Number of protein chains: 2
Amino acid sequence: MVKRTSFEGDSCPIARSLEALGDWWSFLIIREALFGLRRFGEFQNKLGLAKNILSVRLRSLVDHGILATAPASDGSAYQEYVLTPKGRGTFPILVALRQWSEEFDDAPEEIATILVDRAKGRPVKKLEMRAEDGRLLSPADTMLKPRPAPRRRSAH
Amino acid sequence: MVKRTSFEGDSCPIARSLEALGDWWSFLIIREALFGLRRFGEFQNKLGLAKNILSVRLRSLVDHGILATAPASDGSAYQEYVLTPKGRGTFPILVALRQWSEEFDDAPEEIATILVDRAKGRPVKKLEMRAEDGRLLSPADTMLKPRPAPRRRSAH
DNA sequence: GCCGCATGGTTTTATGATGCAACCACACAA
DNA sequence: TTGTGTGGTTGCATCATAAAACCATGCGGC
């Protein structure tokens, strides 16, 4: 099978999320959806991708529970694509990607927008990794542990 | 040109980071690198991807300044691939992806590992978005602002 | 009631990327 | 010098991607 090596059965959560989010376009579609776009044509105009690709990506995102199709809303007989909670949950990922660019991009002057706190107009703080008790953690302060065996509720 | 739509000139920082990080394999290579893998063969064994693909991905990551080639280290005449600071800076992105899976995956019981605080062995806290003054922000509390005009240092 | 146009897709087709397998190059050991 | 392990590159079949053409539906004008 040459098929782009699906990670569906993979036990790594990173691989699993990448499997669901798919590719570049999916990220950008989600980005636009977070900004309020909902219609096929809106996505197409904003992103400038081919309609067939958009069609496939939207379907994939719907299949993965990231978007849902809503019947209408403005009376037209067409569908809208709205984010599910799972879809909205990707926000930190996009913020992390954005902040990484802002910090490390070779040509930061080409970055057009900054994410700010709506109330104050000031940039949001860098995402930080913290322990349960609030201690700031660096990568070296963390490790992977096997997931504890699932405590099955109906096993007596 | 069919060429997989490069986002190189794009002004969106999310597109820019995706351009650099490339694809699934790149993420997974970085994941392994964060765990200490450095040698071609190590990556190949762990990830099980074709050597030519690995070769291309490693080169791309080096080109983007995420990995650097180090001359040796264990005496062998070959290279090692080590993360640059820019590469280590991707850690929050991977954590965000991981946490998204942990929270929303349809089959969370298939996830094999959890990321824990090394000191306490407890799971790390969910990444939070905060304002400069520490207020917790939801997506709706944020907005995009055009980047302020770059104050060019040498313009008189 | 039919023309034209906008929206929302699907089909067609070419090219490019992917991945398996085979091959090459080098170091080192027997 | 032959063998073995590491670190790749090359060849080639196949799949996915994307541009463009095409189809279908709704709607306003007339």
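Predicted model: local features only at pLDDT ≥ 70, side-chain atom pairs only at ≥ 80, totals over all residues.

1. Residues are numbered from 1 along each chain as its sequence is written, chains are lettered from A and ligands numbered from 1 in the order in which they are written, and side-chain values use heavy atoms, with hydrogens and water left out.

2. The interface brings 78 residues of chain B into contact (heavy atoms within 4.5 Å) with 78 residues of chain A. About 7800 Å² is buried between the chains, 66% of it from carbon and sulfur atoms; this is the accessible area (1.4 Å probe) lost on putting the two parts together, summed over both. On the chain B side, W24(B), W100(B) and L144(B) lose the most area to chain A, together 11% of what that side buries.

3. Twelve salt bridges link chain B and chain A, counting a side-chain nitrogen of Lys or Arg within 4 Å of a carboxyl oxygen of Asp or Glu. Among them, K120(B) meets D133(A) at 2.6 Å, N to O.

4. Now to helix α1 of chain B, residues 13-21 (a DSSP run of H or I, at least four residues). Eight of its nine residues are buried, meaning under 20% relative accessible area (1.4 Å probe, protein chains only). These buried residues pack against elements of both chains, including α6 (91-104) of chain A and α4 (51-63) of chain B. After the helix comes G22(B), with a positive phi near 80°.

Key:
Buried < 20%, exposed > 50% of the residue type's maximum accessible area, 1.4 Å probe, protein only. Helix = DSSP H or I, 4+ residues; strand = E, 2+ residues; numbered from the N terminus.
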